[in-house]
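Here is a short note on one helix and a handful of charged pairs. Please read it beside the coordinates.

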Amino acid sequence: MVSVVHSLPDSGIDEKTLNRLAAGLSGEGVDRLVEAIGHARELYGDTKVGTGETAFGHGLGTALILASLNLDLDSRLAALLFAVPDHLEHSREKITARWGAPVADLVDGLHRLKHLRPLTLASAQSAQGVQAQAEIMRKMLLALAADIRVVLVRLASRTQTLRWFADHDTPERADIAKESQQIYAPLANRLGVWQIKWEIEDLSFRFTEPAAYKRIAKMLDETRLERESFITTAVARLKDELAKSGVTHAEVYGRPKHIYSIWNKMRQKDIEFAEVYDVRALRIILDEVRDCYTALGLVHALWQPIHGEFDDYISHPKGNHYRSLHTAVMAEDGRAFEVQIRTQEMHRHAEMGVAAHWRYKETGTSAKADSAYDDKIAWLRQLLSWRDEITDSADWVEQFKRAALDDTIYVMTPQGRVIDLAKGATPIDFAYRVHTDLGHRCRGAKVDGHLVPLNTPLQSGQQVEIIVTKTGGPSRDWLSTTQGYLASARARTKVKAWFATQQEAAMLAEGRAFVLRELQREGATQANHEDLAHKLGFKHADDLFLAAARGEVGMRAIQVALRGETAPNEPGPEIETHVAKAGPGSSGQILVVGMDKLLTQLGRCCKPVPPDAIAGFVTRGRGVSVHRVECANFRNMAARNPERIIDAQWGGKHESIYSCDIYVEATDRQGLLRDISDVLSKEKVNVTAVKTQSKVGVARMAFTVELASATQLQRILTVLGEVPGVASVQRA
């Protein structure tokens, strides 16, 4: 059962307490510690922290816990001075001047964590969602601390809070205890701070399940003295037998079983207290594997093995590579107890290895973990194991700083939900991580209550609020690789998907308008669109509209479908296509226009112009649709139906007029459209359509013009680029 150290009185510190607080420190360190105690007591006065405990009492209790962990002087000073930022302006500068930069950094880290209240887990959330959020929070606590000692001080602080709750029944202690079970106990387990883990678990269990806690505590209290006596006798007997067998280097000690651990086993195995064999437990640490089996034989010779309670994890390690011998035996008086046997190397691996058993204990599975994250945890735990030898070593402190987990950032929604993002993520990445629609409608962001640009890199611990519009979508600027709006591939994919959807919607509208125009021209406005689509080989009318927008269905095809006639050739430029004829080794050329009734048409989506590189796509019943080879629609069709692609090239004569789209982007000004129109007029270019849009001082214009060749097109692009204010000119 956990021994609860009650909070100290605030009036002063006796010599015994000071000795505990200064354990392991030099004379100069003790002097600095006494000075910090006096400074904190004078500065805090009777002020209290959020739980109701006095600030000075909390700082002192936290420092005592850190001293019991043998943590360095700076950590203990930071624990005492944790509330200075709440009492002094420009506290960081003042702490640095009086106590040094390392202490100021630790206090600053604690202050950041103080404002990070772990999320309130809604009761409606699934158990899986709760577990995932708790895991993110544990990683966030580690990532926020550039110096991992901040996390250790935070764990000690939470332990002190729970100790204070043991003497003070407050309304919030059950919620804080639940939070401690979900976040802080697994975190302490992960870092190998076992005494903190056990105490947090037992105290939290005391407040969340008071009836069960009291029942198990009573059972343990009734047997505590006889249990301690039994363990002492068993240890002495086992050491003696090991020595007689030639095993001289052996550590044998009683392994305490804690209340929460006992309750957990009873619940998981659905057994009664009397069936928990490891309420009494021994652990044997040896040098060699062969010694483990020798010790196992001695244990089974001394006491009667319990059937079904032996596990050889040395020959058959657990999925997380945990190795040890576990057995349960029955003493002569009928009392059962557990014995664990392992080598020093196995013990170190179990406590600090990359595949340490914390993940198995927390999740109940041996699922393979993120190896990079586990490597860092293992390194941190190894550093912790050195602390007893090099408490005040500057090298140890520097190693701890380097071990910070900074690969991922953790930010919060206004509701307290924690979101994990890749380092360098922006508010737009955050918005898309929360919900796709939130990302699409994002127009601004507040970070910790302040408006920031949307390409601002976020930092762990920040709270992000997204400002949205009711309608609209993302900006194309977000896809720019130079402006830094998006850092995650996931968000970038969602933005591209939105524009692809919008492009399809625009093409659908364009194709529908084209078909309706042709139906009106034919006097068939009442024609059923679905029937027309079926006649032309499409399943749905929307498929027909998209094909019309891509130039796969022309005016003549619609006329033929309406009249039920055989389609004559539609007028168009002369194009040669090269098609392999049936039969081995045979080939030939076909002149499309005017021969074999083969219908051809230029793609409306890309509007090819000689001498553009072109290719043909054989449509279903509508001849050959000719596209520029770099046309996005053509590439998509080729990917879906490569067998329907044919080579094509311009014929020897191409004196036709071709339609082409030109996009112009310029700084908006009075007379801009007039100047561009004058240029086109001087070049004797016929403009058939104009679409303009002006936003935030930038004008975007789309011109549909008729040209004779690509050479003329290139000249038009050049002269338009020389118009004052024009930033870019490009062909569609």
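This is a predicted model: local features need pLDDT of at least 70, side-chain atom pairs count only at pLDDT 80 or more; totals for chains, interfaces and linings use all residues.

1. Residues are numbered from 1 along each chain as its sequence is written, and side-chain values use heavy atoms, with hydrogens and water left out.

2. Helix H26 spans residues 710-721. Helices (H or I, at least four residues) and strands (E, at least two) are DSSP runs, numbered from the N terminus. From first C-alpha to last, H26 reaches 17 Å, close to the 16 Å expected at 1.5 Å a residue. That expected span is 1.5 Å times one less than the number of residues.

3. Which residues of H26 are buried? They are Ala-710, Leu-713, Ile-716, Leu-717, Val-719 and Leu-720. Buried means under 20% relative accessible area, exposed over 50%, partly exposed in between (1.4 Å probe, protein chains only). These residues pack against helix H25 and strands S17, S19 and S20 (contact: heavy atoms within 4.5 Å).

4. The salt bridge count is 18. The rule is a side-chain nitrogen of Lys or Arg within 4 Å of a carboxyl oxygen of Asp or Glu.

5. Lys-244 pairs with Asp-240 at 3.3 Å. Both lie in helix H11, four residues apart, about one turn. Lys-244 is exposed at 60%; Asp-240 is partly exposed at 38%.

6. Arg-628 and Glu-630 also form a salt bridge, at 3.3 Å. Arg-628 is buried at 9%, whereas Glu-630 is partly exposed at 41%.

7. Arg-92, Asp-105 and Asp-108 are linked in a salt-bridge network.
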